[in-house]
Amino acid sequence: GGLIGSESLGDGSAGRVQVTATGAINISGFLPGISGVGPVLLTDITSGISTDAFAGGSGARVSVATPSLTMNNGHLSSNTYATGVAGSVDIHAGSVTLTGGAGITSTAFAGGDGGNVSVTATDQISISGHSGKSFAVGPLVFPDNESGIATSTFGTGKSGAVTVTTPMLSMFADGIIQAATGSDGSAGNISVNAGTINLRSG
């Protein structure tokens, strides 16, 4: 798996990650096996662009601009695994296609708050499919995760808001846009601004 990322392993903050492409961005694949960062064990890390806070320091903003973003089981994310706060994720593209469990996300796995996620596409957004495999973050196991745009919290921290803006939004085969909580933290709000929305099975 390929990765563009900034990490905070202590009390210092991670740096901002900004990626601008005049052509298409394609993200796919993963690094098999177990990777350890301090006390956090991660399995089968997908290719992606991210910032991560593993201790008391904060994560930072991830911003991506491209005419075309295609992701198959990859990630664009900002996450916190401890008390640090995750950063926001801001995507500006012509078209966005997420398949195979790909995710544009911000997740709070412990006491820190998650960041906001904003995706703006001037042409269309298409979200579909599952990863077909499981991955784990410490004791949390995510089986066959859906493709989606999401914020989540699995600890006492709050998850952020989700904002999606596009003239055409298509979601099928269990694609998701969500703000979720799996523990004591509160989930964020969702705002979808679209011209046409197609939700269907298969």
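Before the first click, two terms: helices (H or I, at least four residues) and strands (E, at least two) are DSSP runs, numbered from the N terminus. Two strands pair if DSSP finds at least two bridges between them. You're looking at a predicted model, where local features need pLDDT of at least 70, side-chain atom pairs count only at pLDDT 80 or more, and totals for chains, interfaces and linings use all residues. Residues are numbered from 1 along each chain as its sequence is written, and side-chain values use heavy atoms, with hydrogens and water left out.

**Stop 1: the open sheet**

Select S1, S6, S8, S10, S14 and S16: in that order, these six strands make an open sheet with parallel pairing. Strand S1 (3-8) and strand S16 (176-181) are at the edges with a single partner strand each, so one side of each has no neighbour in the sheet. On average, neighbouring strands here are turned by 5° against each other, direction ignored. (For such angles, axes are lines fitted to C-alpha atoms, for helices over the stretch in contact, and angles run from 0 to 180 degrees between N-to-C directions.)

Now zoom in on strand S14 (residues 148-153), which pairs with S16 in the parallel sense over six bridges. Which residue of S16 is the bridge partner of alanine 150? Click glutamine 178 in S16, and you've found that partner.

**Stop 2: the largest pocket**

Show His75, Thr105, Thr107, Phe109 and Phe135, which lie nearest the centre of the largest pocket among its 43 lining residues. On a 1 Å grid over the protein atoms alone, a pocket is an open set of points where a 1.4 Å probe fits, with protein on both sides within 12 Å along at least five of seven lines; lining residues have an atom within 4 Å of a point. The volume of this pocket is about 940 Å³, counted as the space filled by probe spheres set on the points.

Next, highlight strand S5 (residues 40-46), which gives the largest share of the lining, five residues. Threonine 46 sits in S5 and is buried at 18% relative accessibility. (Buried means under 20% relative accessible area, exposed over 50%, partly exposed in between, with a 1.4 Å probe and protein chains only.) The side chains of threonine 46 and histidine 75 are joined by a polar contact of 2.8 Å.

**Stop 3: a hairpin**

Phe135 takes you onward: phenylalanine 135 has phenylalanine 142, in S13, as its bridge partner. Strand S12 (residues 134-137) and strand S13 (residues 140-143) run antiparallel, joined by four bridges. Two residues lie between S12 and S13 in this hairpin, and glycine 138 in the turn has a positive phi of about 60°.

**Stop 4: positive phi elsewhere**

Most residues other than glycine have a negative phi. Asparagine 73 is in the loop between strand S7 (62-72) and strand S8 (75-80). Is asparagine 73 buried or exposed? With a relative accessible area of 10%, asparagine 73 is buried.

Then jump to alanine 173, in the loop between strand S15 (162-172) and S16. Alanine 173 has a positive phi near 50° and, at 27% relative accessibility, counts as partly exposed.

**Stop 5: two glycines in a loop**

Finish with the loop between strand S10 (103-108) and strand S11 (117-128), where you'll find glycine 114. Glycine 114 is 46 residues from glycine 160 in sequence, but their C-alpha atoms are 5.2 Å apart in space. Glycine 112 lies in the loop between S10 and S11 too, and is buried with a relative accessible area of 1%.

Conventions:
A polar contact is a pair of N or O atoms within 3.5 Å; within protein, one must be able to donate a hydrogen and the other to accept it, and residues adjacent in sequence count only if both atoms are side-chain atoms.
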